[in-house]
Amino acid sequence: QEKVHFRVNPEKGKSLNYEMIIKSDIEGDEDVIMDIGLLMSLTPTSLSDSSIIIEAKYPKLTMDIHTAMMTINYNSSIASNDEMSQMLEVELRPLIDNIETITMNRNGVIKDSQFPNVTEQAFDKSNLKTFAISFPEEEIAIGDSWFSPSTKGQFGLLTKINNTLIGLTDDGYRVDISGIYLDDNGEEIGKIEGHYIVDRNTHFT
């Protein structure tokens, strides 16, 4: 029942490897089903009292897009053999071939991101801010809640997310999240629910 003071503290030079899977079912004038898979390797290269610099690599990207008119399949590890996949290859290959430099503070808030030769169309940097955790400045106890900074994430929607510390499990600290998506007029158009596990030593997911 002791309070915990969350401060991100990864090991310098030790890569943190993730697989991000995003499944989207978008309704509109033309319905779109989109599955995206992204391998991520994050390596802390510099740690100070106030900030952490991370080199991020994205070694593999897969994308399956289905509409009423067409189906597009892309896999960065396989040579593209159709016109649509080749067009995606031109747009997305810089994401695979370049290294992103991310600066975050000890609260886990991303302060800056530099990704040379990669366009916003190939990689929406705002998604990273949604992916990253932001911890409060003060110590917190089981049951305490805090809001993440509001950001524009996937599809340009504003997110408002509340985090609640649930407890300590065998894997780490469990934090439940609940929130909403807002449009440009501030109207709620969707909900967010889920949880993440924070490593008890590094305070990284």
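The model is predicted, so local features need pLDDT of at least 70 and side-chain atom pairs count only at pLDDT 80 or more, while totals for chains, interfaces and linings use all residues. Residues are numbered from 1 along each chain as its sequence is written, and side-chain values use heavy atoms, leaving out hydrogens and water.

Helices (H or I, at least four residues) and strands (E, at least two) are DSSP runs numbered from the N terminus. Strands β1 (residues 16-26) and β2 (residues 32-47) run antiparallel and are joined by 11 bridges; pairing requires at least two bridges found by DSSP. A hairpin of 5 residues links β1 to β2, and serine 24 faces methionine 34 in β2.

Leaving aside residues up to four places away in sequence, phenylalanine 6 touches residues including Phe135, Leu165 and Val198, where contact means heavy atoms within 4.5 Å.

Asparagine 98 sits in the loop between α1 (83-97) and β5 (100-105). This residue counts as buried because its relative accessibility is 17%, buried being under 20% relative accessible area (1.4 Å probe, protein chains only). A polar atom of the asparagine 98 side chain lies 2.8 Å from the backbone oxygen of proline 94.

Definitions and conventions:
Buried < 20%, exposed > 50% of the residue type's maximum accessible area, 1.4 Å probe, protein only. Polar contact = N/O pair within 3.5 Å; in protein donor to acceptor, adjacent residues only side chain to side chain.
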